[in-house]
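Work through the exercises below with the structure open. Try each task before reading its solution.

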Amino acid sequence: MGAAITDEQIQELAATAKPFSLALLWWGSERHRDGAAAIELEHQRRMVSLRVDGTIAVLCPGGDDTLAGVAVVTVSPEEAEQVMAGDPCVQAGMIRVEVHPGAGFPGDTVPG
């Protein structure tokens with residue numbers, strides 16, 4: 001384990017948490033359907049666009065045959081479900097989405 005952390009440090013950090021939604025994207029039964037490559041490219045374009053406009057704070061493409069990716073979304077779970085329902089891969093049955101409420105700490109980043 002790393003540095004010793006006091007109860008006070010934990011409480012201070014917890015007080016800074018901001019609500020986010022966590023979108024888990026799972027590969028669906030239609031992943032390999034006809035035209036899948038073109039649909040997935042439009043999915044990627046849309047996800048990057050949502051990242052650029054700030055709707056997605058962190059975008060993590062998956063790397064296996066089960067998990068297609070994870071996104072930290074800056075809107076409520078209800079709004080995130082609506083946003084994700086408009087995704088081309090979701091509409092084509094190639095990806096299914098689970099949205100969960102979550103929280104994050106301002107300033108956290110993915111290592112560069």
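**Exercise 1: Pocket linings**

By class, nine nonpolar, three polar and two charged residues make up the lining of the second largest pocket. The model is a predicted one.

Task: Find how much space lies in the second largest pocket, and which elements line it.

Solution. 
- Start with the space: about 190 Å³ lies in the second largest pocket.
- Go to the residues. The lining counts 14 of them, and the closest to the pocket centre are Phe20, Val58, Val72, Phe105 and Asp108.
- Assign the elements. β1, β2 and β4 give two or more residues each to this lining.
- β1 gives the most, with three residues.

Task: Repeat the analysis for the largest pocket and give its volume.

Solution. 
- The volume of the largest pocket is about 240 Å³.
- Its lining has 17 residues; His43, Gln44, Pro61, Gly62 and Ala68 are the closest to the centre.
- At least two lining residues come from each of β1, α2, β2 and β3.
- Sort the lining by class: twelve residues are nonpolar, four are polar and one is charged.

**Exercise 2: Sheet order**

Task: Derive the order of the strands in the sheet from their pairings.

Solution. 
- Take β1 (residues 18-27) and β4. They pair in the antiparallel sense over ten bridges. Within this pair, Leu22 stands opposite His100 of β4.
- Next, β1 and β3. They run antiparallel and are joined by six bridges. Ser21 has Val73 of β3 as its bridge partner.
- Then β2 and β3. Five bridges link them, again in the antiparallel sense. Here Ile56 stands opposite Val73 in β3. The two strands form a hairpin, with five residues between them.
- Check the ends. β2 (56-61) and β4 (95-104) are the edge strands, since each pairs on one side only.
- Neighbouring strands are turned by 15 degrees against each other on average, direction ignored.

**Exercise 3: Helices on the sheet**

Solution. 
- Now look at the cover over β3. Five of its seven residues are buried, so the strand is mostly covered.

**Exercise 4: A loop residue**

Task: Decide whether Thr55 counts as buried or exposed.

Solution. 
- Locate the residue. Thr55 lies in the loop between α2 and β2.
- Read its relative accessibility, which is 15%.
- Apply the cut-off: buried means under 20% relative accessible area. Thr55 therefore counts as buried.
- List its contacts, leaving aside neighbours within four places in sequence. Thr55 is in contact with Leu50, Val72, Val73 and Thr74.
- Link back to earlier steps. Val73 is the residue that Ile56 stands opposite in β3, and Val72 is among the residues closest to the centre of the second largest pocket.

Key
Residues numbered from 1 in each chain as written. Predicted model: local features only at pLDDT ≥ 70, side-chain atom pairs only at ≥ 80, totals over all residues. Heavy atoms only, no water. Pairing = 2+ DSSP bridges. Helix = DSSP H or I, 4+ residues; strand = E, 2+ residues; numbered from the N terminus. Axes fitted to C-alpha atoms, helices over the stretch in contact; angles between N-to-C directions. 1 Å grid on protein atoms, 1.4 Å probe; cavity = no way out; pocket = protein on both sides within 12 Å on 5 of 7 lines; lining within 4 Å. Points joined across faces, edges and corners; volume = space filled by probe spheres on them. Nonpolar A, V, L, I, M, F, W, Y, C, P; charged D, E, K, R; others polar. Buried < 20%, exposed > 50% of the residue type's maximum accessible area, 1.4 Å probe, protein only. Contact = heavy atoms within 4.5 Å.
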